[in-house]
Amino acid sequence: MSSGARVGLDIGATKVLGAVVRADGTVVAQAREATTHGPEGVLASATTVLDRLAAALDGALPGRIGIGFPGIVDRDRGAVRHAVNLGIGGEWLPLADRLARRTGAAVLIENDVRAATWGAHVLSGADDLGYISLGTGLAAGFVLGGALRRGAFGAAGEIGHVPVDPGGPRCSCGQRGCLELSAAASAVTAAWPAEGPVSPAAALFAAAEAGDAQAIDARARYAAQVADAVRMVGLVVDPAVIIIGGGVTDLGEPLLAAVTTALRAQAASSPFLAALDLAGRIRLLPGQQPVGAIGAALIGT
């Protein structure tokens, strides 16, 4: 294995996904484990994934581990807090230090969406991009001029918490009618509940494709909300490329087609929007790439 390889962990509410990655984004090995919640559970889950990666590499992990983590991240201290979906509250968890003591490796922690944004940069080769993550929540990240934008207070890209319906339901952030309430993956679940192994998004798009009128309407509404997120990124930052990632993108081309159609409909009555060609700038990540783990592994290298 190349000495330049790095380890990345993408820690989420349901799973910890780990990868050993070369500098060009090539994944050498992968491992995953269901996330156990709470500080000790998260540490145990991460350690299990690292042990599996080490076993895949005959016991020798690279000396650097990068972690993408939700919630509030203090990169300088290597600490995290307020990751509610992981059972981590307001007390700082010194995750980097504790994993470093367990592994002997240097550990760097980054916000999960920004780690995925860097992974999108590595995989796409684009130095000027906006990344929109459609997961349980909704957020964006930016690589501008080849540099990751974090913001003066670490809030760059929190577009999910821009209110778009002041009379709408209350968001977990305390505001009303935030964009993530209608454009995140959780919005699909609310609009089209599904049981069994098929995700709500996949069930919705399959029903729409089969001609179900209610599903067609729900798909169009959801695509329009995602298009609003794309438009927001395009108008605020104007990146050359806008990449859509997150769990919903497992739908692939049907999602891209629906959002592209919505963007073109929005631009049909606006010469200004038409001139920006947002529909021509959006991309999906190449299939099933562990973008968060890739970005976590390579960020800062």
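Biologist: Before we start, what do the pLDDT limits and the numbering mean here?

Modeller: This is a predicted model, where local features need pLDDT of at least 70, side-chain atom pairs count only at pLDDT 80 or more, and totals for chains, interfaces and linings use all residues. Residues are numbered from 1 along each chain as its sequence is written, and side-chain values use heavy atoms, with hydrogens and water left out.

Biologist: How far apart are the end C-alpha atoms of helix H1?

Modeller: Helices are DSSP runs of H or I with at least four residues, strands are runs of E with at least two, and both are numbered from the N terminus. The expected span of a helix is 1.5 Å times one less than its number of residues. For the 18 residues of H1 (39–56) that should be 26 Å, and the end C-alpha atoms are 26 Å apart, which agrees.

Biologist: Which residues of H1 are buried?

Modeller: Buried means under 20% relative accessible area, exposed means over 50%, and partly exposed is in between, with a 1.4 Å probe and protein chains only. In H1 the buried residues include Gly 41, Val 42, Ser 45, Val 49 and Leu 53. An α-helix has 3.6 residues a turn, so residues three or four places apart point the same way.

Biologist: What do the buried residues of H1 pack against?

Modeller: Contact means heavy atoms within 4.5 Å. Their partners are strands E1 (6–11), E2 (15–21), E3 (27–34) and E4 (64–69), and helix H2 (95–103). Take Ser 45, with 3% relative accessibility: leaving out residues up to four places away in sequence, Ser 45 touches Val 16, Glu 33, Ala 34, Thr 35 and Thr 36.

Biologist: And Ser 269, is that residue buried or exposed?

Modeller: Ser 269 lies in the loop between H8 and H9 and is exposed, with a relative accessible area of 67%.

Biologist: At what angle do H3 and H10 cross?

Modeller: Axes are lines fitted to C-alpha atoms, for helices over the stretch in contact, with angles from 0 to 180 degrees between N-to-C directions. The axes of H3 (112–124) and H10 (291–298) come within 7 Å and cross at roughly 90°. The contact includes Trp 118 of H3 and Ile 294 of H10.

Biologist: Finally, which residue lies over the face of Trp 92?

Modeller: A charge sits over a ring if NZ of Lys or CZ of Arg is within 6 Å of the ring centre and within 35 degrees of the ring normal. Here Arg 77 lies over the face of Trp 92, 4.7 Å from the ring centre.
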